[in-house]
Amino acid sequence: MTVTAVHKDPDALTLTLDAEFDASPERVWRLWADPRQLERWWGPPTYPATVTSHDLRSQGRVEYHMTGPEGDQPRGFWEILEADPPRRLVFKDGFANADGTPDSDMPLNEVRVRIDPIGAGRTRMSIESIFPDAAAMEQVLAMGMEEGLTEAVGQIDAILVADAVSSASR
């Protein structure tokens with residue numbers, strides 16, 4: 001299974017998900033860096049993402065929406081604080097209104113992604129969400145963030161296998 005651990009730390013106000021892949025750090029980075037690949041896994045299977053703007057550089061911005069089974073389209077954005085391909089990505093993760101402006105009723109979290117080689121062509125990815133306060137952490141976890149992120153990252157192995165098969169058949 002892709003996801004190896006999920007750890008909630010209410011004292012540190014963090015949720016950390018760790019996953020391991022049979023792929024190089026460069027390949028795992030492309031899952032973030034290519035908007036079409038990001039769409040294939042960002043969001044749980046019942047809420048697939050559509051990336052509408054993608055600038056994955058420091059001071060850049062990514063904008064997306066997810067489409068739910070009832071046709072609802074919650075929107076989100078990332079304000080990129082740091083991008084160090086293929087090892088590290090840091091961004092502010094926020095909810096957006098229908099017009100793309102930040103939803104001030106929802107928390108803005110910091111997300112730190114680390115991508116590290118672990119030998120034999122394998123890579124560990126850690127996604128750490130840091131919440132501004134306990135209320136924000138409780139609010140987002142109550143919305144299903146832990147389950148949604150676990151399901152989303154859980155889709156990556158199938159993408160890597162499908163891409164490897166596609167590459168081999170060319």
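Tutor: One term to start with: a residue counts as exposed when its relative accessible area is over 50%, and as buried when that area is under 20%. Anything in between is partly exposed. Also keep in mind that this is a predicted model.

Student: Which residue does Asp22 form a salt bridge with?
Tutor: Arg122. The closest N and O atoms of the two are 2.4 Å apart. Arg122 sits in strand S8, while Asp22 is in the loop between S2 and H1, so the bridge ties together parts that are 100 residues apart in sequence. Arg122 itself is partly exposed, at 27% relative accessible area.

Student: Which residues are linked with them in a network?
Tutor: Glu20 and Arg124 join Asp22 and Arg122 in a network of salt bridges.

Student: How many salt bridges does the structure hold?
Tutor: There are 13. One of them joins Glu146 and Lys8, with the closest N and O atoms 2.8 Å apart. Glu146 belongs to helix H4 and Lys8 to strand S1, so this pair connects parts 138 residues apart in sequence. Lys8 is partly exposed, with a relative accessible area of 41%.

Student: And what does Glu79 pair with?
Tutor: Glu79 forms a salt bridge with Arg61, and their closest N and O atoms are 3.6 Å apart.

Student: Switching topic. What order do the strands of the sheet have?
Tutor: The sheet is open and has eight strands. The order is S1-S2-S8-S7-S6-S5-S4-S3, with antiparallel pairing. S1 (3-9) and S3 (49-54) are the edge strands, each pairing on one side only. From one strand to the next, the twist averages 20°.

Student: Pick one pair for me. How many bridges join S6 and S7?
Tutor: Six, in the antiparallel sense. S6 covers residues 88-96 and S7 covers 109-119. Find Phe91: Val111 in S7 stands opposite.

Student: Which strands does H3 lie across?
Tutor: Helix H3, residues 134-142, lies across S1, S2, S6 and S7. It runs at about 140° to S1. Helix H4 (145-153) packs on the sheet too, touching S1, S2 and S8. The direction of H4 makes about 15° with that of S2.

Student: Which residues of H4 are buried?
Tutor: Met145, Gly148, Leu149, Ala152 and Val153. Seen down the axis of H4, they fall within an arc of 125°, so they line one face of the helix.

Student: Now the inside. How many residues are in the largest nonpolar core?
Tutor: It has 33. Those with the most contacts inside it are Trp32, Trp41, Trp42, Trp78, Met125 and Val153. Helix H1 (residues 25-33) gives the most to this core, with four residues. A second, separate core has six residues, including Leu13, Leu15, Phe131 and Met145.

Student: Last one. What does Trp42 touch?
Tutor: Leaving aside residues up to four places away in sequence, Trp42 touches Trp32, Tyr47, Pro48, Ala49, Tyr64, Met66, Trp78, Leu149 and Ala152.

Technical notes. Residues numbered from 1 in each chain as written. Predicted model: local features only at pLDDT ≥ 70, side-chain atom pairs only at ≥ 80, totals over all residues. Heavy atoms only, no water. Core = buried A, V, L, I, M, F, W, Y, C linked by side-chain atoms within 4.5 Å. Buried < 20%, exposed > 50% of the residue type's maximum accessible area, 1.4 Å probe, protein only. Helix = DSSP H or I, 4+ residues; strand = E, 2+ residues; numbered from the N terminus. Contact = heavy atoms within 4.5 Å. Pairing = 2+ DSSP bridges. Axes fitted to C-alpha atoms, helices over the stretch in contact; angles between N-to-C directions. Arc of directions from axis to C-beta. Salt bridge = Lys/Arg side-chain N within 4 Å of Asp/Glu carboxyl O.
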